[in-house]
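Please keep the structure open while reading.

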Amino acid sequence: KGTGSASKLWMAYWAGGWHGPIDLGKGPLGSTPAAAGDTAGTVRVFWETPGRNLEEVSSSDPSSPSSWSSPQEVRSAGGGSMGPLGSSPSAAVNPATGEPYVFWKGTGGPLYFTYDDGSWHSPQSVPATSPLASPPSAAADQSGHVYVFWTNLGAGLEEVSSSTPSSASSYTKPASIPRMGPLGSAPSAGVNFVTGGLHVFWRGTNDGLWEGAYEGSWQGPSDLGDASLG
């Protein structure tokens, strides 16, 4: 999913072959969107609005354009806004509970997040994470452990994680991943549910696609050979 013409939300999907692009008619978007799906097949998409708030659409039948909900600003149970955001958001779903977690860079530089366990909670800042030099990227493994990555001020890869991600105080101290850098973009993270391995991708300074992988220890970085990223 991505920002299409006129800052609207567009979609492409794979079902034996690629379908799309499809204009979902949602927006306007003020940032790159972030999508996450749960084990029931519901997909939720988040973005920063032009007013720097957090907005969401969702669908339990995401290949059907007409099934998508109307855009709705994400607000806490008490009615509070999540904004102002300082970057595009990143979303991860806890497979153990189905709860979505959304992360973003705060306007002062630290990592912020919110989550929905039946209602949205007020944003929390993760201690000692200021400043982020890029939007964050989040991923969750099958046990519900959440990992969040970003580019630090030295163009390296930085990480925090938590096995109880609803609590800001439960996150590890920010740690730089050795050898991973310099990054030429924000990272993008995913978890291999077969092996439990972490995979993080970014644009290198040569405009190629690079990867770092964690399977008991960090491996890489590896230049995947596509030197055509814009």
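## The open sheet

Four strands form an open sheet in the order S8-S9-S10-S11, with antiparallel pairing. Strands are DSSP runs of E, at least two residues, numbered from the N terminus. Two strands pair if DSSP finds at least two bridges between them. S8 and strand S11 (124-125) are the edge strands, and each pairs on one side only.

Strand S10 (residues 111-115) and S11 run antiparallel and are joined by two bridges. Tyr112 stands opposite Ser125 in S11.

## Basis of the model

The model is predicted: local features need pLDDT of at least 70, side-chain atom pairs count only at pLDDT 80 or more, and totals for chains, interfaces and linings use all residues. Residues are numbered from 1 along each chain as its sequence is written, and side-chain values use heavy atoms, with hydrogens and water left out.

## The largest pocket

The lining of the largest pocket has 19 nonpolar, eight polar and one charged residues. Ala, Val, Leu, Ile, Met, Phe, Trp, Tyr, Cys and Pro count as nonpolar, Asp, Glu, Lys and Arg as charged, and the others, Gly among them, as polar. S4, strand S8 (90-93), strand S12 (137-140) and strand S16 (188-191) each supply at least two lining residues.

## Ala34

Ala34 lies in strand S4 (residues 34-37). Beyond four places in sequence, Ala34 touches Arg44, Val45, Phe46, Pro89, Ser90 and Ala91, with contact meaning heavy atoms within 4.5 Å.
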